[in-house]
Amino acid sequence: MVKICCIGAGYVGGPTMAVIALKCPAIEVAVVDVSPLRIDAWNSDRLPVFEPGLDAVVKACRGRNLSFSADVDRHVADADIVFVSVNTPTKTRGLGAGKAADLTYWESAARAIADASRSDKVVVEKSTVPVKTAEAMERILAHSGSDVAFQVLSNPEFFAEGSAVQNLLCPDRVLIGGWDTAEGRNAVRALMDVYAHWVPEDRIVTTSLSSAELSKLAANAFLAQRVSSVNAISALCEVTGADALEVARSVGTDHRVGDSFLNAGVGFGGSSFQKDVLSLVYACECNGLPEAAGYWQQVVAMNEYQKSRFVRRVVSSMFNTVAGKKVAVLGFAFKKGVCDTRESPAIDVCRGLLGDRAHVSVYDPLVSEKQIRRDTAAAPAAKVEQVRVARDAYEAAEGAHGLCVLTEWDEFRTLDYRRIFDGMQKPAFVFDGRNVVDVGKLREIGFVVYSVGKPLDAWLEVLPAVA
Ligand code: UDX
Ligand code: ADP
């Protein structure tokens, strides 16, 4: 019986291993973590990760061939294949701060494998890491002092939050990078055999180690770049009277371009895009490629511009001041369907408004009050009483001067905007950062509406331009 151990019971490790256990009943899968609290949660009825369908998968396998444990050494020692799925956040200090990936957790996992192993193992990088990290992993493992043989593979994860289980069950591709040696090919084969339980062979792509590592960063950078590209077009649409939605639809019908990831909005968020683009920028810089670094840096710069442009639009529309005014914020998660707020544009928009002394009243169907307070706490000079967390959209909007839509939750499409209008101060402003509202209908009701990438409201056109 093949035994798999996964170091790191996080957003990636937990769901990925649960699906492997589901599809491979003859493989024993142990997920380990340094955090006993995380492990307790995985062993409880309240999983630490919210993903549609995940509860059912975990319930079907836990206690059968899926276990969660804080005993890292024992499970690493027992395993034939060890996945490393630890967090690799952006470094906040030291060399490469603000761009380079922080490999502290990754290194401690590598050392744990080196120390605990008594038999040969295939070690699989699941975490998103800088290109050539596998070679660094090999150097750590080679100095384990034992004669255990390790083969390192790269097998990045591509699922998106909110659709993790569905993406894992039916992936566009499974990417496996390894060395082109007899041992390397054997290791790749062993991992292919795991995925072959449910993934058609033509969807399992094999490459060199470095290509696999770089492909993950490149895939996220390409997706982020599409969003920044359409956002750059959205700024031009607003001042020229074009509509970004129509432009995106026209551009996307060309099959060479494709129609996904072309929704203009208040900017991209999430734990991956910015982190991975910056990691790519850093790799280019370190390898003496300033022009390539500058190109990718601009994807992040455009995203920052889009968020600050939105804040400036809100403030300038409301007579250049929001001080003391109530602004309703609908949506706080970085996208619909998740409770995750990491790098959510809503955080930056709220901080911008709070910095201008607005009072924000936030409503999100999934994000907890604790999380909203934590994320807004660091706003410059903001006072606790400037932030309210509302139970629904109507409460958030009651008495507000303006309303910002910052996550594309479906329920925001069908709100009773007449009721909201009646409860708001006049003129009542709506700033739609996600193309959710029906601009024409809202204007008929009497709102002054700004929607990213749409021709400006006549009211807004007379105001000073927002650069
Ligand atoms: C992303 C990748 O899609 C996934 O393959 C990778 O493994 C992890 O990173 P995720 O972060 O879950 O997944 O979110 P995604 O759905 O890609 O959206 C990222 C951000 O881009 C969100 O804030 C979303 O609102 C924004 N976005 C996306 C747009 O603004 N416009 C679009 O057209 C698409
Ligand atoms: P990701 O989104 O990449 O899955 P998370 O932060 O959700 O990242 O999860 C990473 C997990 O890895 C955390 O639960 C963390 O406690 C765990 N972890 C980090 N370093 C180690 C380590 N050396 N050994 C075991 N677990 C680790």
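A polar contact is a pair of N or O atoms within 3.5 Å. The structure discussed here is a predicted model.

Me: Which residue has a side-chain N or O atom 3.0 Å from an oxygen atom of ligand 1?
Reply: Polar contacts are pairs of N or O atoms within 3.5 Å. The contact made through a side chain, at 3.0 Å from a ligand oxygen, belongs to Arg-434.

Me: What share of the area that ligand 1 exposes when taken alone does the protein bury?
Reply: Taken alone, ligand 1 exposes 670 Å². The share of this area buried by the protein is 89%.

Me: Which helix supplies the largest share of the shell around ligand 1?
Reply: The shell has 19 residues, and Phe-158, Phe-159, Glu-161, Asn-263 and Phe-334 are the closest. By class, these shell residues divide into 10 nonpolar, 4 polar and 5 charged. The largest share, 4 residues, comes from residues 209–240, which form helix α9.

Me: Why does ligand 1 lie between two domains, and which are they?
Reply: The domain assignment divides the protein chain into residues 3–207 and residues 208–467. Both parts give residues to the shell around ligand 1, so the ligand lies between domain 1 and domain 2.

Me: Which residues of domain 1 lose the most area to domain 2?
Reply: The C-alpha centres of the two domains lie 33 Å apart, and their contact takes 35 residues from domain 1 and 28 residues from domain 2. Between them the domains bury about 2,300 Å², with 60% of it on carbon and sulfur atoms. On the domain 1 side, three residues together account for 29% of what is buried there: Lys-99, Val-131 and Glu-161.

Me: Which residue has a polar side-chain atom 2.6 Å from an oxygen atom of ligand 2?
Reply: Ligand 2 has 14 residues around it, with Tyr-11, Val-12, Asp-33, Arg-38 and Ser-108 coming nearest. Val-12 places a backbone N or O atom 2.9 Å from a ligand oxygen, and Arg-38 has a polar side-chain atom at 3.0 Å from one. The residue with the 2.6 Å side-chain contact is Asp-33.

Me: Which helix gives the most residues to the shell around ligand 2?
Reply: This shell has 7 nonpolar, 5 polar and 2 charged residues. The greatest contribution, 3 residues, comes from residues 104–116, that is, helix α5.

Methods. Residues numbered from 1 in each chain as written. Chains lettered and ligands numbered in written order. Predicted model: local features only at pLDDT ≥ 70, side-chain atom pairs only at ≥ 80, totals over all residues. Heavy atoms only, no water. Near = heavy atom within 4 Å. Polar contact = N/O pair within 3.5 Å; in protein donor to acceptor, adjacent residues only side chain to side chain. Areas by Shrake-Rupley, 256 points an atom, 1.4 Å probe, with all protein chains shown as cover. Helix = DSSP H or I, 4+ residues; strand = E, 2+ residues; numbered from the N terminus. Nonpolar A, V, L, I, M, F, W, Y, C, P; charged D, E, K, R; others polar. Domains from an automatic or database assignment. Contact = heavy atoms within 4.5 Å. Buried area = accessible area lost by both parts, 1.4 Å probe.
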